[in-house]
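Reader: Hi! I have a new model open and would like to walk through it with you. Could you help me find my way around?

Author: Happy to, let's bring it up.

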Amino acid sequence: MPRPASPQRRREVTDAVIEQLATTGIGNFSLRTLAEGIGQSTRVLTHHFADKTALITAVLIRLDERQHHALRSTPGWDDPAVEVGSLVRSAWERNLSPEELAMTRLIREIEGLAAAGRLPLPAPGFIRGRAEFVASCLVRRGLPESNALTLATLLNSAYSSLQSDYLTTGDKQRVEIALHELCAWIDDCVRQSN
């Protein structure tokens, strides 16, 4: 009888898989090449994940946890006096830093594959969960719950599109001017609600 999978070990394997996918991409991996990339046997992956879909689901859940932790750790996240635009700029700098760039590319790739219908799982939770998380930040700053999710959806969609634009074109000046306008817009929305 196989031993039960340890939740801590499963998380460690998931983190290793995420780091590998950030290097190789998620579009065309196999369990065998992924296992080799993290220095494990395929059996380690199948012990923790029933199949490729279960593995990708675990990756998305863990990426979501990591993103929420990073945002929550942004100075001022819980302080209603700190403008949302400031948090957006901090996230932008962190996401495009050399330490985070590969992970940002992975997230944009996941979103693109999900939009193309090529991700074998219910990916909408990945996007919606992020919107709900950002909406909680807007509510903390006085926006009514009835409006916060819509504005968070607009903010996240614009932010993701700007990142995709920058990663595709490399046109930092143009994209960051647009980011500045996005930050001014969300800060104005918050001010108008108070």
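Author: Let's start at Leu113, which lies in helix H6, residues 101-115. Keep in mind that this is a predicted model.

Reader: Is Leu113 buried or exposed?

Author: Leu113 counts as buried, because its relative accessibility is 10% and the cut-off for buried is under 20%.

Reader: And what does Leu113 touch, leaving out residues up to four places away in sequence?

Author: Leu113 touches Ile26, Gly27, Arg118 and Leu119. Gly27 is 86 residues from Leu113 in sequence, yet their C-alpha atoms are 7.4 Å apart in space.

Reader: Nice. Zooming out, how many helices and strands does the chain have?

Author: There are 9 helices and 0 strands. Its C-alpha atoms fill a box of roughly 60 × 35 × 30 Å along the principal axes.

Reader: How much of the chain counts as buried?

Author: Of its 194 residues, 41% count as buried. The chain exposes about 10500 Å², and carbon and sulfur atoms supply 54% of that area.

Reader: What about contacts between residues at least 6 apart in sequence: what share joins residues at least 24 apart?

Author: That share is 68%.

Reader: Let's go inside, then. Which residues touch the most other members in the largest nonpolar core?

Author: Leu138 and Leu179 do, in a core of 28 residues. Helices H5, H7, H8 and H9 each supply at least two residues of this core.

Reader: Which residues does Leu138 touch, again not counting those up to four places away?

Author: Leu138 touches Val84, Leu143, Ala148, Leu151, Ala152, Ile186 and Val190.

Reader: New topic: aromatics. How many aromatic pairs are there?

Author: The count comes to 2 aromatic pairs. In one, the ring centres of Trp77 and Phe133 are 5.0 Å apart and the planes are at 15°, so this pair is stacked.

Reader: Where do Trp77 and Phe133 lie in the chain?

Author: Trp77 lies in the loop between helix H4 (52-72) and helix H5 (84-95), while Phe133 is in helix H7, residues 124-140, so the pair ties together parts that are 56 residues apart in sequence. Both Trp77 and Phe133 are buried.

Reader: And why is the pair of Trp92 and Tyr159 edge-to-face?

Author: The planes of Trp92 and Tyr159 are at 85°, with ring centres 5.6 Å apart, so the pair is edge-to-face; the cut-off for that is over 60 degrees. Trp92 lies in helix H5 and Tyr159 in helix H8, residues 145-169, so the pair ties together parts that are 67 residues apart in sequence.

Reader: How accessible is Trp92, and how accessible is Tyr159?

Author: Trp92 is at 3% relative accessibility and counts as buried. Tyr159 is also buried, with a relative accessible area of 12%.

Reader: Which ring does the charged end of Lys52 sit over?

Author: The charged end of Lys52 sits over the ring of Phe29, 4.6 Å from the ring centre.

Reader: Last one: is Gln192 buried or exposed?

Author: Gln192 is exposed, because its relative accessible area is 61% and the cut-off for exposed is over 50%. Gln192 is found in helix H9, residues 172-193, and its side chain makes a polar contact of 2.8 Å with the side chain of Asp188.

Reader: How far is Gln192 from Ala50?

Author: Their C-alpha atoms are separated by 49 Å, and the two residues are 142 residues apart along the chain.

Notes:
Residues are numbered from 1 along each chain as its sequence is written. This is a predicted model: local features need pLDDT of at least 70, side-chain atom pairs count only at pLDDT 80 or more; totals for chains, interfaces and linings use all residues. Side-chain values use heavy atoms; hydrogens and water are left out. Helices (H or I, at least four residues) and strands (E, at least two) are DSSP runs, numbered from the N terminus. Buried means under 20% relative accessible area, exposed over 50%, partly exposed in between (1.4 Å probe, protein chains only). A polar contact is a pair of N or O atoms within 3.5 Å; within protein, one must be able to donate a hydrogen and the other to accept it, and residues adjacent in sequence count only if both atoms are side-chain atoms. Rings of Phe, Tyr and Trp (its six-membered ring) pair if their centres lie within 6.5 Å; planes under 30 degrees apart count as stacked, over 60 as edge-to-face and the rest as tilted. A charge sits over a ring if NZ of Lys or CZ of Arg is within 6 Å of the ring centre and within 35 degrees of the ring normal. Contact means heavy atoms within 4.5 Å. Accessible areas come from the Shrake-Rupley method with a 1.4 Å probe; for residues, only the protein chains shown count as cover. A nonpolar core is a set of buried Ala, Val, Leu, Ile, Met, Phe, Trp, Tyr and Cys residues joined through side-chain atoms within 4.5 Å.
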